[in-house]
Amino acid sequence: MNLAKIGKFIAEQRKLAKLTQAQLAEKLNITDRAVSKWETGRALPDSSIMLELCAILNITVNDLLNGEVTSVEDYKKEMEKNLLAMVEQKQQHDKQLLALEWVIGILSVLVMLVPCFLAAYLQMENWLRILLIVGGFVFGLVGFMCALLIEQTAGYYKCAKCGNTHVPTYNAVLLAMHYGRTRYMKCPKCGKWSWQKKVVEKD
Ligand SMILES: [Zn+2]
């Protein structure tokens, strides 16, 4: 962010609006020293008054931060760039979640199996044996449910018939036959049943 450029831009726009520094300051309920600070590039307008400032100067916040009036065309491009960055961020995030699902899944298996082995091979009271097995089962089950929740919500399932990507309900995922992350489910778009692969990209 170029403070000097933004400052010059604010000064230009203020003059275009036929306001003195003092008049602008009064409208914003701040000191004219604050306005002078922005215009000389020593400070950025506080975010709490930025919207009001932009409304008075008849510019967008985007213009203010760029230090120039952006054309509608540029604005669209900027928006698309931001949107794309957001999609990429979601994909990255989904990938991390799916990796986490593996970790949780493996831990869940361990949490279920280890107490069973301990209960089977170690000397202990029977009540402790039961507690270990039941406890392991409960914690393991919770782990599996978390893992499945991640699988349901991270990314999408892709219909093998029409290519539509969608996020199914938790129950649909829970009850579907599957190998790995590929599940046999009904497509909400074409209504056909198929083996749907997990993907992170939306169609
Ligand atoms: Zn389909």
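A residue counts as exposed when its relative accessible area is over 50%, and as buried when that area is under 20%. With 72% relative accessibility, Lys18 is therefore exposed. Welcome to a short tour of this predicted model, whose mean pLDDT is 91, with 100% of residues at 70 or more.

**Confidence and overall layout**

- Across the elements of the chain, strand E1 (residues 156-158) has the highest mean pLDDT, 96, while helix H5 (residues 61-66) has the lowest, 86.

- As background, a negative phi is what most residues other than glycine have.
- Lys18 is not a glycine, yet its phi is positive, at about 55°.
- The loop that holds Lys18 runs between helix H1 (3-16) and helix H2 (21-28).
- Asn58 is another non-glycine residue with a positive phi, in this case near 60°.
- You will find Asn58 in the loop between helix H4 (47-57) and H5.
- Asn58 counts as exposed because its relative accessibility is 70%, and the cut-off for that class is over 50%.

**Lys37 in helix H3**

- Helix H3 (residues 32-39) is where Lys37 sits.
- Lys37 has a relative accessible area of 41%, so it is classed as partly exposed.
- Leaving aside residues up to four places away in sequence, Lys37 touches Arg42 and Ala43.
- Between Lys37 and Leu19 there are 16 Å, C-alpha to C-alpha, for a separation of 18 residues in sequence.

**Leu98 in helix H6**

- Leu98 belongs to helix H6, and its relative accessibility of 8% makes it buried.
- Not counting residues up to four places away in sequence, the contacts of Leu98 are Ile150, Glu151, Ala154, Arg181, Lys198 and Val200.
- Gly155 is 57 residues from Leu98 along the chain, and their C-alpha atoms are separated by 8.6 Å.

**Thr165 in strand E2**

- Thr165 is placed in strand E2 (residues 165-166).
- A relative accessible area of 3% puts Thr165 among the buried residues, since that class takes values under 20%.
- With residues up to four places away in sequence left out, Thr165 touches Tyr156, Tyr157 and Lys158, along with Val199, Glu201, Lys202 and Asp203.

**The largest pocket**

- The largest pocket holds about 370 Å³ of space.
- Its lining has 15 residues, and those nearest the centre of the pocket are Glu101, Ala147, Glu151, His178 and Arg183.
- Glu151, one of these central residues, is also among the contacts of Leu98.
- By residue class, the lining of the largest pocket has eight nonpolar, three polar and four charged members.
- Helix H6 (72-121), helix H7 (126-153) and helix H8 (170-175) each contribute at least two lining residues.
- H7 gives the largest share of that lining, with five residues.
- In domain terms, domain 2 (88-153) and domain 3 (155-203) each provide at least three residues of the lining.

Methods. Residues numbered from 1 in each chain as written. Predicted model: local features only at pLDDT ≥ 70, side-chain atom pairs only at ≥ 80, totals over all residues. Heavy atoms only, no water. 1 Å grid on protein atoms, 1.4 Å probe; cavity = no way out; pocket = protein on both sides within 12 Å on 5 of 7 lines; lining within 4 Å. Points joined across faces, edges and corners; volume = space filled by probe spheres on them. Helix = DSSP H or I, 4+ residues; strand = E, 2+ residues; numbered from the N terminus. Nonpolar A, V, L, I, M, F, W, Y, C, P; charged D, E, K, R; others polar. Domains from an automatic or database assignment. Buried < 20%, exposed > 50% of the residue type's maximum accessible area, 1.4 Å probe, protein only. Contact = heavy atoms within 4.5 Å. pLDDT = per-residue confidence, 0-100.
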